[in-house]
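Good morning, and thank you for coming.

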Amino acid sequence: MLNGCAPTLVPPPPLKFTLHQWHLNNRHRYRCSEAQQELAERLLGESQRVCEFSSERARDNKEETDHRLREKVEDIEFRKTELLRIRKEVVLEIDALSIYKERIMDALTSVRRNALVICEKCLIFREHRLGIDLVHDNVEKELLKECEVIKGAENLLVRTLEHTQEQIRRLKATLYYMDHELEDKENNLRIDKHNLTLKENSLNLSTYHGTSRLDPSTIELNEWEMQTNNNIIAASQEVNSAIPLRCYIDTIIKQTINDLNEQKHSTDEAFRQRIEETKEAKTKLEFQHSEVMRQAADMKQNITRIEISIAEKERFLALAHTRLGNRCQRPGLELTRDLVETNLVKEVYDLREVVSKLQATMFEAQASLRYLLKTQIQIEEDINVKTNTLKIDEVDCMTLRQSMNYHAY
């Protein structure tokens, strides 16, 4: 302190143990060491057993998982095969129904744009018949009936087309769900096949350290199986519904075409009969026309004959009058009523009566000629009416109806 140096601390002397404590400490160390060695031996054995057990357990679990994966892959492939099989049937049925749909549309177009238009045009054409020929005959009845048959066939084809379109829509909806499930099955198959190829020593393995569940699946196995079964059953039902529908369409088209052809035949037969009747009436009218013309010519000649005869009788009458007038100039007692005068007077009366009869006959002949000429004009008008009717029925209508061609498309 006096020299200005800091004080130095002197440690206390080490603790002294006794010999007995030394022997006790050695024995304690021996016992601890032996206990630790025994524990280590047990741990080594237990560790080896646990390692062997865990390895065996891991191998068993992997083999079990691989087996389940193979079963799942086989199950998926089987269900995928079944789906593909029924999908093929659905696709074929859609294609077949599409063809039948086109058949219905072709038949409907033929009926709607061809047959009905032709029938309506025929009815319009026949409205241009003239006079007495504008009659509600069997042809018009059959045409009206044919229009009704065509409209009925059109309505039936429209309903069948709507039914077919609905069935195609249902098949396509079934196909959509099947394709969606097939896509899911394919992805599932790809994932499980990839899992089968993975080994414990494969590269790119990773351990999940997240907090979410490793098994987020919420769908039960029976639900998964039921989904596929329901799709297969639904597809089978739609296919089974489509098959009889095609048979029904065949029947409908065939029956419709048969009904249309039958009615067309009836209408054509009515046209044929009506045309024959009109031709026969026209032929008779033409014969009557020629007879009337001949009789009119004869009547003209007869009137000319009568006029000549009247002129001749008037000359004889003038001769008798002249003779009577000349005999009136006889003188005195010679102006007597003798046989000559009596005969001349009788001749005058006879000639007057003959001329009167000839004139009456001529008037009757002239009236008959007028009636004959009037009848000739009427017959000519009737012939023109029949000609117009034949043109409408035989040329316009029947030519137009030749384009009516029904056949099962």
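**Helix packing and aromatic side chains**

Helix α2 passes α3 in a left-handed crossing. Please bear in mind throughout that this is a predicted model. Helix α2 covers residues 138–197, and its axis and that of α3 come within 9 Å, crossing at roughly 165 degrees. An angle over 145 degrees counts as roughly antiparallel, and α2 and α3 are therefore roughly antiparallel to each other. What kinds of residues form the contact of α2 with α3? They divide into 22 nonpolar, 14 polar and 10 charged.

I now turn to the second packing. In general, two packed helices are described by the angle between their axes and the distance between the axes. Helix α3 runs over residues 221–327 and helix α4 over residues 339–401. The two pack at an angle of about 160 degrees, and their axes are 5 Å apart. Helices α3 and α4 are therefore roughly antiparallel to each other. Is the crossing of α3 and α4 left-handed or right-handed? The crossing is left-handed. Within the contact of α3 with α4, 33 residues are nonpolar, 16 are polar and 21 are charged.

F287 and I379 are 92 residues apart along the chain, while their C-alpha atoms are separated by 10.0 Å.

Let us move on to the aromatic rings. A pair of aromatic rings is described by the distance of the centres and the angle of the planes. How many aromatic pairs does the model contain, if ring centres must lie within 6.5 Å? The count comes to one. The pair is formed by Y176 and Y177, whose ring centres are 5.5 Å apart. Their planes stand at 70 degrees, so the pair is edge-to-face, given that angles over 60 degrees fall in that class. Are these two tyrosines buried or exposed? Y176 has 54% relative accessibility and so counts as exposed. Y177, with a relative accessible area of 52%, is exposed as well.

Finally, I come to charges placed over rings. R103 lies over the face of Y100, at 4.9 Å from the ring centre. Likewise, the charged end of R352 sits over the ring of Y349, 6.0 Å from its centre.

Thank you for your attention.

How values were computed: Residues are numbered from 1 along each chain as its sequence is written. This is a predicted model: local features need pLDDT of at least 70, side-chain atom pairs count only at pLDDT 80 or more; totals for chains, interfaces and linings use all residues. Side-chain values use heavy atoms; hydrogens and water are left out. Axes are lines fitted to C-alpha atoms, for helices over the stretch in contact, and angles run from 0 to 180 degrees between N-to-C directions. Helices (H or I, at least four residues) and strands (E, at least two) are DSSP runs, numbered from the N terminus. Angles under 35 degrees count as roughly parallel, over 145 as roughly antiparallel, 65 to 115 as roughly perpendicular and the rest as oblique. A crossing is left-handed if the near helix is turned anticlockwise from the far one by less than a right angle, and right-handed if clockwise. Ala, Val, Leu, Ile, Met, Phe, Trp, Tyr, Cys and Pro count as nonpolar, Asp, Glu, Lys and Arg as charged, and the others, Gly among them, as polar. Rings of Phe, Tyr and Trp (its six-membered ring) pair if their centres lie within 6.5 Å; planes under 30 degrees apart count as stacked, over 60 as edge-to-face and the rest as tilted. Buried means under 20% relative accessible area, exposed over 50%, partly exposed in between (1.4 Å probe, protein chains only). A charge sits over a ring if NZ of Lys or CZ of Arg is within 6 Å of the ring centre and within 35 degrees of the ring normal.
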